[in-house]
Amino acid sequence: MIERRPTKQIHVGDVAVGGGAPVSVQSMTTTKTADVDGTLAQVYALKGAGADIVRITCNDADAAAGLAEIVPRSPVPIIADIHFNHRMALAALEAGVQGLRLNPGNIRDEKKIKEVAIATKERGIPIRIGVNGGSLDKDLLAKYGTATPEAMVESALMEIRYLEDVDFTDIKISVKNSHVPTMVDAYRLLSDTVDYPLHLGVTEAGPIPGGIIKGVAGIGTLLLEGIGDTIRFSLTADPVEEAKTGRALLEYLDLRERTGLDLIACPSCGRAEVDVIEVANEAQQKLEEAGLAIQVAVMGCVVNGPGEAREAELGIAAGRGKGHLFIKGQVVRVVPEAEMVDALVDEGKKLVEEGIEARLAVADANAEQIAAAEREQLLTIQGDANRARERRARVAEIAEG
Ligand code: SF4
């Protein structure tokens, strides 16, 4: 269980951020904001993929006008992304957005920032101070030479001061960088300095898979340390992938309840009795189509499979031309290899409807016996790797005297 660092709580529409609220997933649309229907279609797709909050650029008057139509029809709270022009922030507020993101690197006029903060406070919505290593305040770049963690945190603190000066405290902060170690250090420093909720992200992480790897390394590291209240993966890909990845990361870290399939599969090895990659892919596709939010294991051999995946709610391991279907490590049915995946999906549906105990109670009485006999046969053919390890240890013991 991850112990999360305490932060102040704010609300983006009906989504609580910080103060012990579930870590939320954000993403950003890639459509032109003036294209209302296209943008709304993407917002709905993002929500379907797991986004709790969606950010939309408000970069010109047409975009602001688009927001006025998008916000009332959106299924999730909308944050307007503002750069350079503080009037776009004022226009977005009028359009009814549930949050603003300001970049302190390119709106640097204290008076204008305070004007936005006062107008935002009147509407009772939050502002994210979105510091970005790639667009850091020029004076700070001159002072630090580059976007160091200290420079990014100083930028955030300066902006916080402007907002607090006009009694604005509905703040969340991000200090994103495309270099993962810098990003991690910046957030650690920020978390030690303020108690405002933090929005985590590795900026400009790039295409899949590299972008996902960077995001998981940076965001995952911080989440495991209890840092972070809302997250965004910045991928050069369909933003639906950002939402899916963010949601999956939170579920794998037990920070959100599972809403989708968790497929675990062995990497395969010389003992595999089937093409594990093919079976795992087919199983993933069919189980996702069936909408089953359970943990399922696909294992390449019956010798080690059921034991190694005994924590999985449901699994299948390949025998000699057969599939051993198991629930919590107990073999409940042995099926022909060609029917493995369909049997897995069928059992998955029943498991979700009836529960683990009920399904174990109707297990095929002979399944364990058949499975044990097959395991023995395979051990005879392939050799017993486990006992070989024991023998090796004994040999080493004797050799060392
Ligand atoms: S489950 Fe079997 S096939 Fe898969 S990695 Fe383990 S020993 Fe190899």
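This is a predicted model: local features need pLDDT of at least 70, side-chain atom pairs count only at pLDDT 80 or more; totals for chains, interfaces and linings use all residues.
Residues are numbered from 1 along each chain as its sequence is written.

Helices (H or I, at least four residues) and strands (E, at least two) are DSSP runs, numbered from the N terminus.

I then traced the whole open sheet, in which 8 strands follow the order β8-β7-β6-β5-β4-β3-β10-β9 with parallel pairing. β8 (171–176) and β9 (199–200) stand at the edges with a single partner strand each, so one side of each has no neighbour in the sheet.

Helix α3 (residues 86–95) packs on this sheet, touching β5 (78–82) and β6 (99–102), and its direction makes about 165° with that of β5. Contact here is C-beta atoms, placed from the backbone, within 7 Å; axes are lines fitted to C-alpha atoms, for helices over the stretch in contact, with angles from 0 to 180 degrees between N-to-C directions. I also looked up helix α7 (residues 180–193), which lies across β8 and β9 and runs at about 150° to β8.

Next I checked the hairpin of β14 and β15, which has 2 residues between its strands and a positive phi of about 50° at lysine 328 in the turn. There, 6 bridges join β14 (residues 322–327) to β15 in antiparallel fashion, and isoleucine 327 has glutamine 330 in β15 as its bridge partner. Of the 7 residues of β15 (residues 330–336), 5 are buried (20 or more other C-beta atoms, placed from the backbone, within 10 Å; exposed is 12 or fewer, partly exposed in between).

The bond from isoleucine 208 to proline 209 is cis, with omega near 5°, and proline 209 sits in the loop between β9 and α8 (210–224). Phenylalanine 84, in the loop between β5 and α3, has phi near 65° and counts as partly exposed because it has 13 C-beta neighbours inside 10 Å. Aspartate 167 has a positive phi of about 65° and lies in the loop between α6 (149–165) and β8; with 9 C-beta neighbours inside 10 Å, aspartate 167 counts as exposed.

For the ligand, I noted 13 surrounding residues, Cys266, Cys269, Ala272, Gly300 and Cys301 being the closest (near means a C-beta atom, placed from the backbone, within 6 Å).

Conventions:
Two strands pair if DSSP finds at least two bridges between them. Two residues are in contact if their C-beta atoms, placed from the backbone, lie within 7 Å.
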